[in-house]
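Open the model in your viewer and keep the selection panel at hand. The stops below say what to select and what to look for there.

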Amino acid sequence: MKPTTVIGFLGSTLDAAKFGPSRWNKWRPTVSICMQEDLRVDRFVLIHGSYHSRLAEFVAEDIRSVSPETEVVPHVMDFADAWDFEEVYGKLLDFARGFPFDPETQDYLVHITTGTHVAQICLFLLTEARYLPGRLLQTQPARGLPQPVGTWNAIDLDLSRYDSIATRFAEASEESASFLKSGIDTRNAAFNRMIDEIEQVAVRSRAPILLMGPTGAGKSQLARKVYELKKLRHQVSGPFVEVNCATLKGDSAMSALFGHRKGAFTGAVQDRPGLLKSSHKGVLFLDEIGELGLDEQAMILRAIEDGRFLPVGADSEAKSEFQLIAGTNRDLVSAVAAGAFRDDLFARLNLWTFTLPGLAERREDIEPNLDFELDRFAEREGTRVTFNKEARARYLAFATSADAQWSGNFRDLAASVTRLATLSHGGRIDVDAVALETGRLARLWSGKVSDNPGLEALLGAERLADIDPFDRVQLEYVVTVCRQCLSLSEAGRRLFSASRRQRSSINDADRLRKYLAKWGLDWAGIAAAHR
């Protein structure tokens, strides 16, 4: 067995006793450690203040009488205020850094039963951080027994040794990772490992986080989830402030980010706090940070490092404490080389850099994200829509195939599900709807159609702009069906296939004609434009 060294504070109250035989009837924690039959103490480093030197000598003498093999090493440590956390922690840290620890040949026990509560907390923190490379030692009197020995218990802060605690920590970590993924049961191993790392960084660090990846990969959503996780852990109390840096151009960029004083420039009729000030105690998400100008980059760097910045037209600096999350779809390494991005800012951001893969690189995650998007549609529109079995299989076969480019990543998927759900008959997506949608996606990725194929040509850009997106999706679907059919009647039968079964009088062609007329369209015009 390796020799054991105990480090602990003298208990100015608990260790005190009147000289005489009666003192051996009292439990004194420091002395009791050396009276344990199953604990050999080779050295006891006894920390005490100058004011309690006589008590320390008295206790050391009693230790020698009950444990002659124990070397008592007094260590004087005075505090101006023993309840001042900063002072106590600082002096104990200096002690730990200067102590000749040798964990290879010595075992160390850190006694946390004596001392002020502040001292006990500081000893715990220093042991947890391994500045004190040992185990915690707790002592307590033996209840109901009239003897001074008491009991002792050593706690190893390697929580992996405690199955129940380790299990709870693992479950909490899994819950946090699932939260960052919006509860989506993702299957891509590399993505899941990255989320696990982001979860650890989010709860343990306030350093900037850089999220890289293509447009639509989910950077904005992940940044907000990081903020929400930190807020749940009471690590931030301020708001989540998001800005797309690509929209910040010219002189307005400085004002938007750092604020301005009244009269700073023409049109500055009142003070403006700016986004950095608005994100105080919270999280600032600068999406597309690569689009910022070099002057703005320099001020952002200063704000990150010092928490200070100068509003436009101000004589004094403003302060703001925030955590920065930056997002970009640009190659910042190349931007630094080209002189378009500051190397010092990139170095500051590059501590925690995570690259989000595009949807095409996570094809095994398309199915759980498909269900997630259907749930989002139901929550947003108040209508639950599902696939029939064959339609779901066909859609997933296309979505996970090499032909599916997913160039817009999750935005493409979200838009696709919205179209399918909006145009579903009776809340069920069938194979015909899937065929239309997969065809549309294929055309979209091939560059043969715009986001609203044919509508601009039929209606004109000005009139199309006046149509709500909801109506635009439906009209686009109707026009697509019309182009696939040989007659107005065939298109009507296909478009009204569900409701026509409930009618005693059927005139699908007339219904379709009236619908098209509402938008100033007719069958002949659509057919002619399609030729």
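## First stop: a loop

Select Asp156, which sits in the loop between β6 (151–155) and α5 (163–180). This is a predicted model, where local features need pLDDT of at least 70, side-chain atom pairs count only at pLDDT 80 or more, and totals for chains, interfaces and linings use all residues. Residues are numbered from 1 along each chain as its sequence is written, and side-chain values use heavy atoms, with hydrogens and water left out. Helices (H or I, at least four residues) and strands (E, at least two) are DSSP runs, numbered from the N terminus.

Is Asp156 buried or exposed? Asp156 counts as buried because its relative accessibility is 17%. Buried means under 20% relative accessible area, exposed over 50%, and partly exposed in between (1.4 Å probe, protein chains only).

Asp156 and Arg135 are 21 residues apart in sequence, yet their C-alpha atoms are 4.9 Å apart.

## Helix α7

Select residues 219–232, which make up helix α7. Check the length first. The 14 residues of α7 should span 20 Å at 1.5 Å a residue, and the end C-alpha atoms are 20 Å apart, so the two agree. The expected span is 1.5 Å times one less than the number of residues.

Colour by burial next. The buried residues of α7 are Lys219, Leu222, Ala223, Lys225, Val226, Tyr227, Leu229 and Lys230.

Show the side chains of Lys225 and Glu228. They form a salt bridge, with the closest N and O atoms 3.5 Å apart. A salt bridge is a side-chain nitrogen of Lys or Arg within 4 Å of a carboxyl oxygen of Asp or Glu. Lys225 and Glu228 are three residues apart in the helix, so about one helical turn separates them. An α-helix has 3.6 residues a turn, so residues three or four places apart point the same way. Lys225 is buried, at 18% relative accessible area. Glu228 is partly exposed, at 26%.

Step past the helix to His234. α7 is followed by this residue, whose phi is positive, near 60°.

## Salt bridges across the chain

How many salt bridges does the structure hold? There are 24. Two more deserve a selection.

Pick Glu367 and Arg392. Their side chains meet in a salt bridge at 3.2 Å, N to O. The pair links distant parts of the chain: Glu367 is in helix α13 (residues 366–381) and Arg392 in helix α14 (residues 389–399), 25 residues apart. Glu367 is partly exposed, at 26% relative accessibility. Arg392 is also partly exposed, at 21%.

Pick Arg440 and Glu476 next. Their closest N and O atoms are 2.4 Å apart, in a salt bridge. This pair, too, links distant parts of the chain: Arg440 is in helix α16 (residues 431–446) and Glu476 in helix α19 (residues 469–484), 36 residues apart. Both Arg440 and Glu476 are buried. Then select Arg187, Glu367, Asp371 and Arg392: salt bridges that share partners join these four into one network.

Stay on α19. Its 16 residues should span 22 Å at 1.5 Å a residue; the end C-alpha atoms are 23 Å apart, which agrees. Among the buried residues of α19 are Leu475, Tyr477 and Val478.

## Helix α8

Go to Ala256 in helix α8 (residues 251–258). Ala256 is buried, with a relative accessible area of 8%.

## Positive phi in loops

Most residues other than glycine have a negative phi, and most peptide bonds are trans. Select Ser182, in the loop between α5 and α6 (189–204). The phi of Ser182 is positive, near 60°. Then select Glu288, in the loop between β9 (283–287) and α10 (294–306). The phi of Glu288 is also positive, near 55°. Glu288 counts as buried, at 11% relative accessibility.
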